[in-house]
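Subject: Structure for your review

Dear colleague,

Please find the sequence and the structure below. My notes on what was found follow directly after them.

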Amino acid sequence: MPNEREITLLKEFAPQIEHTTFIQAIWMFFLAAIVALGFYALYVQIAYGHIVTGMRDNVVWGIYIVNFIFFMGVSYAGALISGTLHLFRAEWRKPINRIAEFITIIALLIGPCYILLCIGRLDRLYYLVIFGRIQSPITWDVIAISTDIFGCLIFLYLALLRDIAAIRDFQAIRIPKWKRKLYTWLALGYTGTTEQRERLHKATDIMAAMVIAIAVIVYSVLAWIFSVTLQPGWHSTIFGPYFVIAAVFSGCGVMIVVMWLFRKLYHLEKYITRKHFVNVGVLMLILAALFGYFTFSDYLTKWYGSERNDELLINLLFDEYYWLFILSNYVGVLLPMVVVGIKKLRTINNITISAVIVILALWVNRYLIVVPTLESPYLPIQDSRPDWLFYNSTWVEWALTAAGVAFFALAFTIGSKFIPIINVSEMADSSELEEEEILI
Amino acid sequence: MLNQHISRPMNKFTLAALFWLISVPMIISPALSAQEETETEKVEPLDTYLSFLATYTSNDTVVLTANLYIRNGRVRVDLQNAPISFTLSGNDEQMKAGEAFTDSTGKAQVMIPTSSLPRNKEGMVTYMADFTGTDNYVSSSETFMSKPARLEVSFYEEDSVKFIRVTGFQFSSDGEAEPISDETILLFVPSLFRPMPIGEVWLEQDGSGSMEFPLTLVGDSLGNLTVIAQIDEHDSFGYVKGEATCGWAIPKHLQSQDKPTRQLWTPVAPIWMMITLIILLAGVWGHYIYAVVELVKIKKSAKKEAVQEKD
Amino acid sequence: MKEESDNNPKKSSRRDFLKKSLVAGAGVVATGGLVEAYLDTRAAETGEKVKVLTTGGEIVEVDKGHIKYPRVSREESREGIPGKKFVMVIDLARCKNARACVENCQKGHHLPKGQEFMKVYLLQDTENTAPYWFPKPCFHCDNPLCVSVCPVGATYKRSDGIVLIDNERCIGCKFCITGCPYSSRVFAWRHYEEFDEDTQPYSPEAGSPGVEGTVSKCDFCPDLIRVGKLPYCVASCPMGVIYFGDIDEDVVTNGTETYQFSKLIRDRAGYRYLEVLGTRPSVYYLPPVERQFPVDRGFDGLDEEVEKRYESTPYVKKQRRK
């Protein structure tokens with residue numbers, strides 16, 4: 001049975017689950033339209049072959065792989081924030097916990113779809129399982145990602161369980177019968193007894209630790225896919241930790257943006273306060289510093305040693321990709337540090353704007369890691385068509401990118417219609433004193 | 001005579017004219033229509049070329065090889081299934097040496113024992129190869145004369161230096177063997193695609209010459225190596241070939257047998273990789289199972305409680 | 001072409017008939033890679049059945065899929081030709097970008113333009129060293145990174161040193177293309193008409209017919225080696241630039257000249273390209289010493305499209321600036 005606090009909170013959040021406003025409907029329709037466009041682009045790609053993308057014999061990995069890395073990175077950040085903060089029992093994270101968990105799982109489901117888009121023979125996908133070679137980093141990735149998905153699903157389920165039980169028991173909420181049945185089935189008959197709470201607590205602790213460990217491993221494996229090859233620009237020893245840091249960094253950005261959106265859409269100003277933005281913003285600042293440090297370290301070593309192919313790559317970055325490089329490695333690093341560092345600038349809107357720029361900067365950073373390296377191989381690109389010298393992405397790839405982002409937002413919106421976007425049970429756990437603190 | 005038998009309306013001139021008027025078109029028209037038909041099917045027959053040589057081998061046979069081909073521009077196309085007839089002659093008599101059909105490479109071959117070759121006074125044999133041609137291919141033939149000869153390869157060691165010796169003989173009309181002198185003989189060893197030249201030998205007055213055996217040559221796994229001595233396009237002898245095997249080559253070491261079994265690129269993975277993977281996976285999935293078990297226990301306890309409450 | 005001459009008898013010319021009679025070699029295999037490749041293309045153009053004129057003067061019909069080189073099964077192609085290990089030597093002093101190697105490889109493997117197994121680069125190692133033409137097939141490395149990274153085992157290294165791709169297993173992830181530091185691999189971005197020219201069953205040893213969405217590369221032509229023929233590029237080079245042989249036997253040949261491999265490498269200072277990468281290639285290069293031709297000869301008689309391909313090279317850029 002939900003206690004008093006829970007009932008109060010549920011009463012407040014019930015409208016989110018009960019009905020969809022007109023604006024929300026328009027929003028979902030708009031997102032669905034973009035996703036539909038993405039499906040059309042997918043059809044074009046399957047019908048006409050990969051020739052409709054911009055990838056060619058030298059740049060064989062393009063925007064799809066960039067999106068894959070990006071979404072996987074975002075997912076990892078969600079895992080870290082919810083997992084670490086859970087283990088540290090940080091009180092302030094309670095309102096934003098659910099957002100973090102959702103980010104984890106949704107991004108984790110979208111990311112691998114982009115790899116599938118890059119595979120030439122989708123009809124042979126199951127060969128990865130029956131013929132898998134252990135020595136291949138892609139096999140490591142397949143194993144790691146499936147383990148990650150499984151682990152994050154279990155973790156999410158554990159985190160949702162109490163809220164599902166609360167809603168199931170909350171009579172005052174007006175939800176269709178099938179929904180209530182769904183909640184009953186999912187709640188596993190949880191009644192909140194001490195024994196059950198203890199079990200749940202233990203399991204959640206274990207899974208929180210696992211999720212952190214798994215996320216680090218998954219993202220390092222992804223980094224190793226690049227760094228074990230001999231390509232100049234990829235064959236770097238710090239790629240493992242570099243990718244992990246960049247991942248959490250991008251995830252923080254997404255986190256802030258989603259927080260801001262839900263705060264606006266569902267009028268959650270009471271619960272998601274400036275303090276949360278500042279705290280996640282500080283996390284973003286720290287990660288910006290670390291990210292900047294790793295990036296600087298990587299490029300400094302390449303530039304100083306000036307090995308021929310490193311030099312070619314750096315020249316390419318500063319000739320063809322100058323402004324993108326500035327955006328991703330200067331603006332993306334310095335802006336959040338400035339905005340969050342200076343007290344006067346530390347407003348919710350400023351932090352959110354810098355988060356948006358951080359997301360863009362990190363996407364561009366992934367692009368600058370994947371594509372320019374392939375454009376400057378050991379053997380110069382000769383004796384192939386001149387238009388294959390540089391990567392020219394096509395509308396198919398951009399449509400599918402937009403569809404991925406739209407699907408992310410859509411899944412979030414639909415998810416918030418099933419479960420309150422703020423963790424009701426955990427919030428109710430807090431004592432009255434802490435309750436007042438949060439309400440400031 | 002004719003005048004008497006012609007009926008009155010026709011005189012002899014009319015008859016003659018009629019005769020020619022009818023018969024000439026009848027003769028010409030088939031020829032005309034035949035021309036139209038042949039325009040569709042009949043084309044000038046293609047010129048063929050026949051290359052022909054006779055190789056004397058060291059086991060007293062001569063191998064006659066003929067190659068039939070046509071030319072399309074600069075490209076040579078061999079013809080298969082063509083009958084080539086070989087003929088030998090000495091003084092005047094002609095001897096049929098056999099007939100063979102060209103194979104898929106355009107080559108026809110016939111072997112004849114040297115002892116049965118007809119000779120002329122100088123000891124030369126005349127060889128002829130003939131392709132009779134068909135409607136579509138012009139006939140061609142080739143003929144040349146050569147004197148039977150023989151090359152022998154042998155091996156010897158002197159002061160612990162290894163040598164190859166080549167001896168050459170030519171056979172006069174009465175079958176007597178005389179040494180071949182003042183000739184350069186090329187030496188080869190066989191290899192996968194083409195024979196490799198290893199040197200040459202100058203035949204002295206006594207018909208023999210030698211060269212040092214190159215010790216860097218690779219043979220089979222026991223060190224056996226066949227050496228081939230060859231005369232090509234000689235004015236008198238044409239083509240002569242002799243071969244022998246020795247055991248002095250470096251034994252062949254097969255790199256393919258050194259292929260490792262557990263590397264990054266082998267079908268089977270290195271052991272440490274498999275162990276690491278198993279430990280990691282077991283660790284992680286073990287924890288998953290623990291969490292799921294806890295969930296199951298929650299469900300069970302809830303059921304128990306529900307039952308208890310009912311009571 | 002056949003239909004033309006059937007319906008319009010007047011148009012039938014000697015040339016037409018000549019073309020037919022070429023095929024009339026009846027799947028005849030001539031010596032020399034040039035002619036075989038030529039014949040193969042012609043046979044493909046005349047349609048399913050081909051009219052053949054035998055030397056007996058009869059016209060018979062032969063299936064155009066007349067098998068020229070036997071093809072082994074996919075399982076068998078994972079085992080190498082026993083007791084051999086193949087090596088290639090490329091003499092840079094002779095190469096003048098005649099591109100016979102490129103064209104014959106294309107014809108032999110039924111490849112479209114733009115998907116080439118053999119590429120010829122115009123390299124200039126430093127500003128002060130001379131530019132040279134650099135034909136580059138797959139190096140069939142003894143430490144092949146491409147094989148290590150393949151997740152499904154579609155590419156494999158055999159006991160005879162040849163690295164092949166099984167296009168029935170390949171899932172098209174393209175990891176091997178990024179794994180190869182020499183850019184030797186190509187991808188079939190769509191289905192090409194040239195793939196349909198080949199009616200024989202697929203074999204990894206033939207590398208043909210191509211499969212859309214999979215990776216392919218130079219394969220050292222094992223289907224030709226099995227019948228004692230040299231690979232297309234080796235047999236067709238007019239300058240005899242490419243040598244091929246068995247390293248265990250220590251002999252390489254370019255079709256006309258045959259040398260002892262170890263001696264050739266020692267005397268001509270042969271080397272492997274980018275040895276420092278640790279891939280241990282099976283292709284050796286003889287440095288461009290005492291060149292037979294000046295570099296500019298390589299631009300003679302080139303297709304406009306091919307000439308465009310070299311526009312981005314430093315040498316051409318420098319020439320343009322002058």
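Two residues are said to be in contact if their C-beta atoms, placed from the backbone, lie within 7 Å. Please keep in mind throughout that this is a predicted model.

**Where chain A touches chain C**

By that criterion, 36 residues of chain A are in contact with 42 residues of chain C. On the side of chain A, the elements that give two or more residues are helix H5 (127–130) and helix H6 (137–169). H6(A) gives the most, with 3 residues.

**Two helices of chain A**

Two packed helices are described by the angle between their axes and the distance between the axes. In chain A, helix H9 (residues 239–265) and helix H13 (residues 348–375) pack at an angle of about 140°, and their axes are 8 Å apart. H9(A) is therefore oblique to H13(A). The crossing of H9(A) and H13(A) is left-handed. H9(A) brings residues including A:Ala246, A:Phe249, A:Val257 and A:Trp260 to this contact, and among those they meet in H13(A) are A:Ile348, A:Ala355, A:Leu362 and A:Asn365. The residues of the contact of H9(A) with H13(A) divide into 13 nonpolar, 4 polar and no charged.

**A sheet in chain B**

Strands of a sheet pair through backbone hydrogen bonds, either parallel or antiparallel. Chain B holds an open sheet of 4 strands in the order S5-S4-S7-S8, with antiparallel pairing. Strand S5 (94–101) and strand S8 (140–146) of chain B stand at the edges; each has a single partner strand, so one side of each is left without a neighbour in the sheet. Neighbouring strands of this sheet are turned by 15° against each other on average, direction ignored. Within the sheet, strand S7 (residues 125–131) of chain B pairs with S8(B) in the antiparallel sense over 7 bridges. In this pair, B:Tyr127 stands opposite B:Phe144 in S8(B).

**A sheet in chain C and the helix on it**

Chain C has an open sheet of 5 strands with mixed pairing, in the order S12-S11-S10-S3-S13. Its edge strands are strand S12 (258–260) and strand S13 (283–286) of chain C, each of which pairs on one side only. The twist averages 25° from one strand to the next. Strand S10 (residues 242–246) and strand S11 (residues 251–253) of chain C pair in the antiparallel sense over 3 bridges. Here C:Asp246 stands opposite C:Val251 in S11(C). Helix H9 (residues 261–268) of chain C packs on the sheet and touches S3, S10, S11, S12 and S13 of chain C. The direction of this helix makes about 80° with that of S12(C).

**A buried strand in chain C**

In a regular strand the side chains alternate between the two faces of the sheet. In strand S5 of chain C, C:Tyr132, C:Phe134 and C:Lys136 point one way, while C:Trp133 and C:Pro135 point the other way. Is this strand of chain C, S5 (residues 132–136), enclosed or open? Of its 5 residues, 5 are buried, so S5(C) is largely enclosed by the rest of the structure. S5(C) pairs with strand S4 (residues 119–123) of chain C in the antiparallel sense over 5 bridges. C:Tyr121 stands opposite C:Phe134 in S5(C).

**Backbone details in chain C**

Which peptide bond is cis, with omega near -5°? It is the bond from C:Ser208 to C:Pro209. C:Pro209 lies in the loop between strand S8 (186–187) and strand S9 (215–216) of chain C.

Two further residues deserve a look for their phi angles. C:Asn97, which is not a glycine, has a positive phi near 55°. C:Asn97 lies in the loop between strand S3 (86–91) and helix H4 (100–109) of chain C. A residue counts as buried if 20 or more other C-beta atoms lie within 10 Å of its own. C:Asn97 has 26 C-beta neighbours inside 10 Å and therefore counts as buried.

C:Ser183, also not a glycine, has a positive phi of about 50°. C:Ser183 is found in the loop between helix H6 (175–179) and S8 of chain C. With 22 C-beta neighbours inside 10 Å, C:Ser183 counts as buried.

With kind regards

Key. Residues numbered from 1 in each chain as written. Chains lettered and ligands numbered in written order. Predicted model: local features only at pLDDT ≥ 70, side-chain atom pairs only at ≥ 80, totals over all residues. Buried ≥ 20, exposed ≤ 12 C-beta atoms within 10 Å, placed from the backbone. Pairing = 2+ DSSP bridges. Axes fitted to C-alpha atoms, helices over the stretch in contact; angles between N-to-C directions. Parallel < 35°, antiparallel > 145°, perpendicular 65-115°, else oblique. Left-handed = near helix turned anticlockwise from the far one by under 90°. Nonpolar A, V, L, I, M, F, W, Y, C, P; charged D, E, K, R; others polar.
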